[in-house]
Amino acid sequence: MSVDEAASPTGLPTELFTTIDHVGIAVPDLDEAIAFYDRAFGIRSVHEETNEEQGVREAMLAVGDGQTRIQLLAPLTPESTIAKFIGRSGPGLQQLAFRVADLDAVSAVLRERGLRLLYDQARRGTSDSRVNFVHPKDAGGVLVELVEPAAHH
């Protein structure tokens with residue numbers, strides 16, 4: 001079903017998201033955070049990468065059957081968005097990410113609804129996914145990430 005096929009009584013699409021993709025947590029030290037989640041909760045890292053464009057080292061931790069993920073994000077430089085977040089708010093929950101089937105279509109619908117997205121065009125996310133973000137001021141103070149997984153995902 002396309003974004004436009006499932007509509008609410010207002011005529012707006014209702015099924016924009018397929019699932020919660022992950023919850024992002026800003027951490028000052030990725031290796032320490034990975035060790036903590038493993039030691040305290042038995043949650044292990046299943047994917048790690050450096051994303052220069054986003055200015056982060058990141059790890060995806062699988063919870064339960066592995067479909068639910070926690071993303072740990074550590075800054076690469078003091079100027080990165082994650083470093084600024086930690087400086088402003090301290091380590092902790094940084095974003096809620098929803099998986100989408102068609103990022104461009106969902107972005108268009110959200111813009112039509114008056115929401116601001118951080119990027120004009122999608123950017124590369126974890127594992128070559130395509131991502132964009134809804135501005136936190138338009139989402140109740142929550143940074144909402146939209147994730148379209150790569151075809152090989």
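Reader: Why is Arg130 called partly exposed?

Author: In this predicted model, Arg130 has a relative accessibility of 28%.

Reader: What makes the contact of Asp104 with Arg130 a salt bridge?

Author: The closest N and O atoms of Asp104 and Arg130 are 2.9 Å apart. The cut-off is a side-chain nitrogen of Lys or Arg within 4 Å of a carboxyl oxygen of Asp or Glu, so the pair qualifies as a salt bridge.

Reader: Why is Asp104 called partly exposed?

Author: The relative accessible area of Asp104 is 43%. Because exposed requires over 50% and buried under 20%, Asp104 is partly exposed.

Reader: How do you know that Asp21 and Arg99 meet in a salt bridge?

Author: Their side chains have an N to O distance of 2.7 Å. The limit is 4 Å, so the pair is a salt bridge. Asp21 belongs to strand 1 (residues 19-26) and Arg99 to strand 5 (residues 92-99), so the pair ties together parts that are 78 residues apart in sequence. Both Asp21 and Arg99 are buried.

Reader: How many salt bridges does the structure hold?

Author: The structure holds nine salt bridges. A network of salt bridges links Glu49, Arg124 and Asp128.

Definitions and conventions
Residues are numbered from 1 along each chain as its sequence is written. This is a predicted model: local features need pLDDT of at least 70, side-chain atom pairs count only at pLDDT 80 or more; totals for chains, interfaces and linings use all residues. Side-chain values use heavy atoms; hydrogens and water are left out. Helices (H or I, at least four residues) and strands (E, at least two) are DSSP runs, numbered from the N terminus. Buried means under 20% relative accessible area, exposed over 50%, partly exposed in between (1.4 Å probe, protein chains only).
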